[in-house]
Amino acid sequence: MIILSFLMKVKGLMDVLQSRLRRRRMSERATLLGERYNFERGCLIILQDGSNKEDIELGEYVTIYGTISSQHNGRVKMGSYTRLGRNSIIRAVDSVVIGDYTAIADNVVITDNNNHPTDAKFRRKMKEDTLGGDMRLWKHSPHAPIVIGENVWVGEYARIQKGVTIGDNSIIAAGAIVTKDVPANVIVAGIPAKVIKSL
């Protein structure tokens with residue numbers, strides 16, 4: 001019993017130390033606007049092509065399980081009390097703004113760009129560039145800002161595309177692909193996502 005109690009205390013101490021190390025690592029890659037965060041094991045912030053910690057702003061009480069990726073100074077702002085679920089990713093070359101109290105479930109993709117250019121000749125040339133080469137960067141693809149309002153709930157496996165604004169308090173159903181603006185206080189579902197109910 002004494003050994004079990006000791007092991008539990010050691011585990012608790014190790015958890016606290018790992019949490020502090022994750023916070024330090026994240027503070028080197030993002031601007032933290034508060035004091036309290038929950039950076040879970042496996043969360044990542046990736047900065048490429050000139051992006052820096054000023055491009056990522058995290059409000060207080062943000063919980064991150066997934067990945068935030070910025071290229072070419074793409075801005076990501078997560079308001080206070082927001083959550084990014086496991087295996088979820090935010091990709092920014094323009095900007096993604098997420099309002100306070102918004103919850104993003106697991107396996108969600110939020111991308112303000114097409115990832116690849118639509119021009120067939122450019123894509124062919126891009127394949128000849130090295131894997132980390134300039135031609136493969138998102139800045140060469142069509143992109144537009146995303147704004148997700150406050151208290152929005154984004155269900156598992158949803159995808160939010162470039163140029164979309166989602167109104168406050170709305171719900172994006174699991175598996176929905178959002179390609180157009182969503183008004184406040186509605187539920188959208190489907191491919192492409194359409195309003196199915198007012199709240």
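## Terms and model

Helices (H or I, at least four residues) and strands (E, at least two) are DSSP runs, numbered from the N terminus. By that rule, Y101 sits in the loop between β10 and β11 (103–104).

This is a predicted model, with residues numbered from 1 along each chain as its sequence is written. Local features need pLDDT of at least 70, side-chain atom pairs count only at pLDDT 80 or more, and totals for chains, interfaces and linings use all residues, while side-chain values use heavy atoms, leaving out hydrogens and water.

## Overall build

The chain holds 2 helices and 20 strands. Its C-alpha atoms fill a box of roughly 70 × 50 × 30 Å, taken along the principal axes. Of its 199 residues, 39% count as buried. Buried means under 20% relative accessible area, exposed over 50%, and partly exposed in between (1.4 Å probe, protein chains only).

The chain exposes about 10900 Å². Carbon and sulfur atoms supply 55% of that area. Accessible areas come from the Shrake-Rupley method with a 1.4 Å probe; for residues, only the protein chains shown count as cover. Contact means heavy atoms within 4.5 Å. Among contacts between residues at least 6 apart in sequence, 27% join residues at least 24 apart.

## The parallel sheet

An open sheet of 6 strands runs in the order β1-β4-β7-β10-β13-β16, with parallel pairing. Its edge strands are β1 (31–32) and β16 (165–166), each pairing on one side only. Two strands pair if DSSP finds at least two bridges between them.

Strands β7 (residues 75–78) and β10 (residues 95–98) pair in the parallel sense over 4 bridges. M78 has I98 in β10 as its bridge partner.

## M78 and the core

The largest nonpolar core has 37 residues. Such a core is a set of buried Ala, Val, Leu, Ile, Met, Phe, Trp, Tyr and Cys residues joined through side-chain atoms within 4.5 Å. L58, I64, I68 and M78 touch the most other members. Leaving aside neighbours within four places in sequence, M78 is in contact with residues including L58, I64, I68, I90 and I98.

## Tyrosines on the surface

Y61, Y81 and Y101 form a nonpolar surface patch, with about 320 Å² of accessible area together. Like charges are joined within 9 Å, nonpolar side chains (Val, Leu, Ile, Met, Phe, Trp, Tyr) within 5 Å.

Y101 counts as partly exposed because its relative accessibility is 48%. Y81 also counts as partly exposed, at 41%. Y81 lies in the loop between β7 and β8 (83–84).

## Backbone exceptions

Most residues other than glycine have a negative phi, and most peptide bonds are trans. Y81 has a positive phi, near 65 degrees. N169, not a glycine, has a positive phi of about 70 degrees. N169 lies in the loop between β16 and β17 (171–172). At 31% relative accessibility, N169 counts as partly exposed.

## The β19–β20 hairpin

Strand β19 (residues 186–189) pairs with β20 in the antiparallel sense over 4 bridges. A189 has K194 in β20 as its bridge partner. The two strands form a hairpin with 4 residues between them. In the turn, G190 has a positive phi of about 100 degrees. The peptide bond from I191 to P192 is cis, with omega near -10 degrees.

Notes: Patch = residues over 30% accessible without salt bridge, like charges linked within 9 Å, V, L, I, M, F, W, Y side chains within 5 Å. Salt bridge = Lys/Arg side-chain N within 4 Å of Asp/Glu carboxyl O.
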